[in-house]
Amino acid sequence: MQGGAGAQVSSTARQASSSAPSPQATCPTCGGTGYLREDVPVGHPSFGKLVPCQCLQPKLEANRLSELRALSNVDALARYNFDSFLPDGLGLTEEKRTNLRRVYQVVRDYANRPQGWLVLLGGYGCGKTHLAAAIANEQIARRQPSLFVVVPDLLDHLRAAYSPHSPTTYDQRFNQVRNAPLLILDDLGTQSSTEWAQEKLFQVFNYRYNSRLPTVITSNLELEAIDIRMRSRLADPDLVQICTILAPDFRGSGADQTGSELSSLSLHSEQTFDTFSLREGKLSSEQVASLQQAHMFAHNYAKNPEDWLLLTGGYGCGKTHLAAAIANERVKQGHRALFVVVPDLLDHLRATYAPNSSVPYDRRLYEIRNARLLVLDDLGTHSATPWAQEKLYQIFNHRYNARLPTVITATDDAKIDERLKSRLLDRGRCTSIRINAPSYRGSEARARQRTTSRQR
């Protein structure tokens, strides 16, 4: 290279260097200009190009770290560190507490020595972002560069680079992301699924996969729901370690195991297996036997829910009581359960479209589709609009394929979409119990109320 007092630096280069980090004024190599022209023959790709002098490297590196911090907005996440994380959670069962502590240790080990890819999966608010940000903060504390960015924000940053007023070109921004020494992508799956967005993400994934650059990814999605091109990289056990967090939302009450504000189980707190009446001596032996069978099967299902349970019968026959009893029993055992009436469920989904909704549609749908135990009461009483049918099909189809425990109640005359009915008729996945008993809300209920009033 040509340097020193005779270094050939153009006036354009001098102007450019004035906005760059200041070089050492006494640098013997560049003579204080900060840049050198490579000594290569004419025709060489680098002929005439300027390169930074070694005296600029410390300040260039400091600027690069500053840009990464600004792009990451990691200062806003400074409170997310390992000391502020609760590895035992709040009000968790032993299984979930053990799971959370194991993931916490895996993440701490990764932060000490980032190698390969680390994928954190789990529901909203379970601690994924906290742990991912803790890795970034740990690296910054060690003065190691890392880029933490939420996936939709990343795509916005890339789009903004197309603007003629952008201080950074698209290529510069894209290379900054692709080549970050440690890249942390938060909330994969919450981005818009346009072809452009999918293509940009795949390019980032593919480049870092081939270069085996340390990468951390968090997502609320199941692995199977992620774009297949990216999923194929995430499924490589030689490079990727996947951790699924089972803990519920830390932002909730912690000990509340009913699921979310969606759940109306609190309205059915008195409906347990102990309070379920078999009405012996008041009904025919056939009807009592039907109640006994339903009660016994529901009780056994509550001990270890697997696949689906469909409870059918007339209005007021006890379907909802048994469904609520299953959910109450699971909550009593320290598990989570989501109990919701089908028309209410659809109203909750519609409400997310409102501009002032505090819950996005994707989060609400995810919460329902992936509930550990979902109880859908009164299927068939909802409005049968194409939108309603489509939403229910999405929920049914996901839970059917994932074999997630689901309890459904419906009256004998319920009008159910054929696509839903085909899943309910699969005897390998769904057990159907029909309750052959009259309504509790008839003359027997009124007689019980009269007896109670006389006793008072």
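Q: What about β9, are its faces covered or open?
A: This is a predicted model, so take everything here as computed. Both faces of β9 are covered. Leu338 and Val340 lie on one side, Phe339 and Val341 on the other, and all of them are buried.

Q: Which way does β9 pair with β10, parallel or antiparallel?
A: The two strands pair in the parallel sense, over four bridges.

Q: And what stands opposite Val340 there?
A: Leu376 in β10.

Q: Which helix residues pack against β9?
A: The buried residues of α10 do. They also pack against α9 (285-303), β8 (308-313), β10 (374-377), β11 (406-411) and β12 (430-435).

Q: How many residues of α10 are buried?
A: Eleven of its 14 residues are buried, so α10 is largely enclosed by the rest of the structure.

Q: Which ones?
A: Lys319, Thr320, His321, Leu322, Ala323, Ala324, Ala325, Ile326, Ala327, Asn328 and Arg330.

Q: What span does α10 reach, end to end?
A: Helix α10 covers residues 319-332 and reaches 20 Å from its first C-alpha to its last. That is close to the 20 Å expected at 1.5 Å a residue.

Q: What comes just after α10?
A: Gly334, which takes a positive phi of about 95°.

Q: Changing topic. What is the strand order in the open sheet of five strands?
A: The order is β4-β5-β6-β3-β7, with parallel pairing. β4 (147-150) and β7 (240-245) are the edge strands, and each pairs on one side only. From one strand to the next, the twist averages 15°.

Q: How many bridges join β4 to β5?
A: Four, and the two strands run parallel. Strand β5 covers residues 183-188. Leu147 stands opposite Leu183 in β5.

Q: Which helix packs on the sheet there?
A: Helix α5 (residues 151-160), which touches β4 and β5. The direction of α5 makes about 100° with that of β4.

Q: Remind me why side chains of opposite charge can pair?
A: They can pair when their charged atoms come close.

Q: How many salt bridges does a search of the whole structure find?
A: It finds 13.

Q: Which residue forms a salt bridge with Glu199?
A: Arg229, with the closest N and O atoms 3.3 Å apart. This pair links distant parts of the chain: Glu199 is in helix α7 (residues 195-211) and Arg229 is in helix α8 (residues 228-234), 30 residues apart.

Q: What is the relative accessibility of Glu199?
A: It is 31%, so Glu199 counts as partly exposed. Arg229 is also partly exposed, at 30%.

Q: Which residues are linked with Glu199 and Arg229 in a network of salt bridges?
A: Asp227 is linked with them in that network.

Q: And what does Asp417 form a salt bridge with?
A: Arg419, where the closest N and O atoms are 3.3 Å apart. Arg419 counts as partly exposed, at 31% relative accessibility.

Q: Another one: where is Ser46?
A: Ser46 is in the loop between β1 (35-37) and β2 (50-52).

Q: Buried or exposed?
A: Ser46 is buried, with a relative accessible area of 18%.

Q: What does Ser46 touch?
A: Glu38 and Val40, leaving out residues up to four places away in sequence.

Q: Last, the whole chain. How many helices and strands does the protein chain have?
A: It has 15 helices and twelve strands. Of its 456 residues, 47% count as buried.

Terms used. Residues numbered from 1 in each chain as written. Predicted model: local features only at pLDDT ≥ 70, side-chain atom pairs only at ≥ 80, totals over all residues. Heavy atoms only, no water. Buried < 20%, exposed > 50% of the residue type's maximum accessible area, 1.4 Å probe, protein only. Expected span 1.5 Å × (residues − 1). Contact = heavy atoms within 4.5 Å. Pairing = 2+ DSSP bridges. Axes fitted to C-alpha atoms, helices over the stretch in contact; angles between N-to-C directions. Salt bridge = Lys/Arg side-chain N within 4 Å of Asp/Glu carboxyl O.
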